[in-house]
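Let's take a friendly walk through a protein model together. Please have a look at the sequence and the structure first, and then read on.

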Amino acid sequence: MITKISRRLLISLSFIICHLSFSTMLTSCADLDYTEENTRDEAWTYDYYENGIKNLVFDVYAQVYNNELESNSAYFLAGATDEAQYALETGAVNNYVNGGWSPANPYSNTWTKAYTAIADVNMYLEKIDQTDISDWQYNPDYKNWVAQMEMFPYELRFLRAYFYFELFKTYGDVPLVTTTLTNGQANNIRRTPAEQIVKFIIEECDAIAPYLPVSYGTEYGSEVGRATRVAVAALKARTLLYAASPLHNTSGDKAKWAKAAEACKYIIDNASVWGLKLSAYGSLWGHDAFFNPELIFGLGRGESNAFEMANYPVGVENGSSGNCPTQSLVDQYEYQDNGETFGQRHPGSIDLSSVNPYEGLDPRFALTVVKNGDEWPSNGAQKKVIETFTGGFNAAPKYGATSTGYYLRKYVDGSCVTTADNQTTRRHTWILFRLAEFYLDYAEAVYNATGSANDDTYGMTANDAVNVLRKRADIQMPLFTEDGDEWVKRYERERLVELAFENHRFWDVRRWKKGAQYFKTIQTATISPALLLTRTAVTRQWDDKFNFYPIPQSELKKNPNLSQNPGW
């Protein structure tokens, strides 16, 4: 299905994929492994538009989906952070914290998926001159096809840059390959310094941005799902932020932070012209989230309730608990009256029968977390009062019940019915880039570039940028005024709260080199039948080598020129 939109910048990959009539989202359309029976040889592929050339391009888009969304809803790396604990011990995300992570079991598919996509891009770019659809010149859509084909190389270069960012943030130094390789060549390449990878990404973004539209709303087909100039700007800004961070900027070079600040400010300054604006927090997910004007780049999925089944509480029919928010996360939410955090105001055990410690919390809390006493899910067929106290309907000793005292609400569509009969499904959109991120990115970059949260050298102070988010009509939280170390502490908390469960925390803490501070010990909560909430410290495995993933052992065996990341 291709959706028409007006003045919207969302990129939702599922709609591209559905347009190709994929029966599953992991299927390849342009089959070059041809036989005499199917007759679809390489020449055919490059002479046929809809099921040949276009499918080659969209197969690369599909790899973004394959790379980001793991099975069993472990797309959320939250379970390997202080955001959440994955309820089921069999959840693959638990490998990150239980010792099951190694070069022999690297878990992530990033290396394989990224280089598969990059190889496809390189092949297409080298063979683009072979494309010839002139036999179709009398087709009424011929001119539109030609116009689309003129943009394909720039879209593919964006995707290649995107995958190199994924490789850079995951492994650091990685081989930089921009041409097709033989097997022998591929198995002898060496790792390229991360700084050169960053340089390549930025140069590609600068080169291709002028050739891509701000939106496809006025383009042929109004296709939702293709790279825009805005997505390019977002990739550039995020890449520069990571490159300026302590993990990659060991000398603390302020010039790198300055470049990141300028790239983020460019997005902020042009947002209204591009049709972007901040939205209500609770509108960032749900059935119609792909229309949200805050989204820059997102991953869409068709009608489904699989995510709800994975994350509805145990006790809700077909609920498996999934990603359970921690007390560590809950403790970071501030109160609306004075900015004091939950953990500050209630540092010890809490008698929930006599006090409601959640009253007056940041509105983002109730939109992110399901707590004891909430009515959830919201559909009339299954709505009930959630009981997370020991012996409660949604609690231990039931197998798979939350071990943290909480369940996940953000991204979970409570209108989905998951009963054995009369199930309902909804569309889902996972956020990759949205406008709010770049206010936070800017604040971090400008603070580190200037050394102050109140310096307006770049036209907006770090505090001003954060306060734009906190002043939203549906949030209305006390404003930032701090500076120095206190600002850093509060900023890191704000980033956690605003971007919770959007796959940032796992990477943010690594690029800050603060894994031991945030990830080694987390807090969960146990609620007694008498409603006494008690915190419990949970120790997890952490080693600074975890800042980078291990290079898969299978790759090292094939290529003697590859070296392993330190510590692995």
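## A strand tucked inside

Strand β7 covers residues 426-434, and eight of its nine residues are buried, so the strand is largely enclosed by the rest of the structure. Here, buried means under 20% relative accessible area, exposed means over 50%, and partly exposed lies in between (1.4 Å probe, protein chains only). Helices (H or I, at least four residues) and strands (E, at least two) are DSSP runs, numbered from the N terminus.

Which strand pairs with β7 over seven bridges? It is strand β2 (residues 295-304), and the pairing is antiparallel. Two strands pair if DSSP finds at least two bridges between them.

## About the model

This is a predicted model: local features need pLDDT of at least 70, side-chain atom pairs count only at pLDDT 80 or more, and totals for chains, interfaces and linings use all residues. Residues are numbered from 1 along each chain as its sequence is written, and side-chain values use heavy atoms, with hydrogens and water left out.

## The whole chain

The protein chain has 20 helices and nine strands. Of its 568 residues, 58% count as buried. Contact means heavy atoms within 4.5 Å. Among the contacts in the chain with a separation of 6 or more, 70% are between residues 24 or more positions apart.

## Two helix pairs

Let's start with helix α9 (residues 229-244) and helix α10 (residues 254-274), whose axes come within 8 Å and cross at roughly 155°. That makes α9 roughly antiparallel to α10. Axes are lines fitted to C-alpha atoms, for helices over the stretch in contact, and angles run from 0 to 180 degrees between N-to-C directions. Angles under 35 degrees count as roughly parallel, over 145 as roughly antiparallel, 65 to 115 as roughly perpendicular and the rest as oblique. The crossing of α9 and α10 is left-handed. A crossing has that name if the near helix is turned anticlockwise from the far one by less than a right angle, and is right-handed if clockwise. Residues making this contact include Val230, Ala233 and Leu240 of α9, and Trp257, Ala260 and Trp274 of α10. The residues of this contact divide into 15 nonpolar, no polar and two charged. In this scheme, Ala, Val, Leu, Ile, Met, Phe, Trp, Tyr, Cys and Pro count as nonpolar, Asp, Glu, Lys and Arg as charged, and the others, Gly among them, as polar.

Now find helix α6 (residues 142-171) and helix α8 (residues 194-208), whose axes come within 10 Å and cross at roughly 155°. These two helices are therefore roughly antiparallel to each other, and α6 passes α8 in a left-handed crossing. Among the residues in contact are Tyr154, Arg157 and Phe168 of α6, and Ile197, Phe200 and Glu204 of α8. By class, the contact of α6 with α8 has 13 nonpolar, no polar and three charged residues.

Three strands form an open sheet in the order β4-β9-β8, with antiparallel pairing. Strands β4 (350-351) and β8 (521-527) stand at the edges with a single partner strand each, so one side of each is left without a neighbour in the sheet. Strand β8 and strand β9 (residues 532-539) pair over seven bridges.

## A buried alanine

Is Ala462 buried or exposed? At 0% relative accessibility, Ala462 counts as buried. This residue lies in helix α16 (residues 462-470). Leaving aside its neighbours within four places in sequence, Ala462 is in contact with Ala443, Val446, Tyr447, Ala453 and Trp487. The C-alpha atoms of Ala462 and Asp483 are separated by 9.4 Å, and the two residues are 21 residues apart along the chain.

## Backbone details

Most residues other than glycine have a negative phi, and most peptide bonds are trans. A cis peptide bond joins Trp376 and Pro377, with omega about -5°. The peptide bond from Ala396 to Pro397 is also cis, with omega near 15°. Pro377 sits in the loop between β5 (369-370) and β6 (407-408), and Pro397 is found in the loop between β5 and β6 as well.

Another loop, between α11 (306-311) and β3 (323-325), holds Asn318. Phi of Asn318 is positive, near 70°, and at 38% relative accessibility this residue counts as partly exposed. Ser321 is in the loop between α11 and β3 too. Phi of Ser321 is near 75°, also a positive value, and Ser321 counts as buried at 0% relative accessibility.
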